[in-house]
Amino acid sequence: MTFRFQIIIGIAIVLAMLLILWQVRKNKLNLRFALSWLMLGILMMVIDIWPNIVAAVARALGIELASNMLFFFGICFILIIVYGLTQKISKLTDETKRLTQEIAILKEQITENKNEK
């Protein structure tokens, strides 16, 4: 990888991390979810600055190609993100169901009170 390309990648990573921080600041992104992306950005910056780390880690783990290791870790990261989002969706679905039921009960009570008068 050329030094010029490393600079371009580094700038892109910094811009992406600034975008994430800006979205957190504007309350468009929850800090809990942003932290995983910021940690990934820091890891990518380390790999960008010292690209030989990837090959050394791949050799240490017995993986033949560094690109295979990156794909494997990328897929693991995506699975962790998807699992966390699935948990959040499940919780929000239950909360929405509960709130809908409470609204229905309140509407029923309001109509009963109107009919009594």
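Visitor: Which helix gives the largest share of the lining of the largest pocket?
Guide: H4 does, with eight residues. Helices here are DSSP runs of H or I, at least four residues long, numbered from the N terminus. Keep in mind that this is a predicted model: local features need pLDDT of at least 70 and side-chain atom pairs pLDDT 80 or more, while totals for chains, interfaces and linings use all residues. Residues are numbered from 1 along each chain, and side-chain values use heavy atoms, leaving out hydrogens and water.

Visitor: What is the volume of that largest pocket?
Guide: A pocket is an open set of points on a 1 Å grid where a 1.4 Å probe fits, with protein on both sides within 12 Å along at least five of seven lines, and lining residues have an atom within 4 Å of a point. The volume, the space filled by probe spheres set on the points, is about 590 Å³ for the largest pocket. Its lining has 21 residues, and Leu-43, Met-44, Ile-47, Val-54 and Leu-70 are the closest to its centre. H1, H2 (31–49), H3 (52–61) and H4 (66–116) each give two or more residues to that lining.

Visitor: What classes of residue make up the lining of the largest pocket?
Guide: There are 18 nonpolar, two polar and one charged. Asp, Glu, Lys and Arg count as charged, Ala, Val, Leu, Ile, Met, Phe, Trp, Tyr, Cys and Pro as nonpolar, and the others as polar.

Visitor: Which residues of H2 and H4 meet?
Guide: Contact means heavy atoms within 4.5 Å. On the H2 side, look for Arg-32, Phe-33, Ser-36, Trp-37, Leu-40 and Ile-47. They meet Leu-70, Phe-77, Ile-81, Leu-85 and Lys-88 in H4. Sorted by class, the residues of this contact are eight nonpolar, one polar and two charged.

Visitor: Which residues does Ile-20 touch?
Guide: Leaving aside residues up to four places away in sequence, Ile-20 touches Leu-29, Ala-34, Trp-37 and Leu-38. Take Trp-37: it sits 17 residues from Ile-20 along the chain, yet their C-alpha atoms are separated by 7.9 Å.
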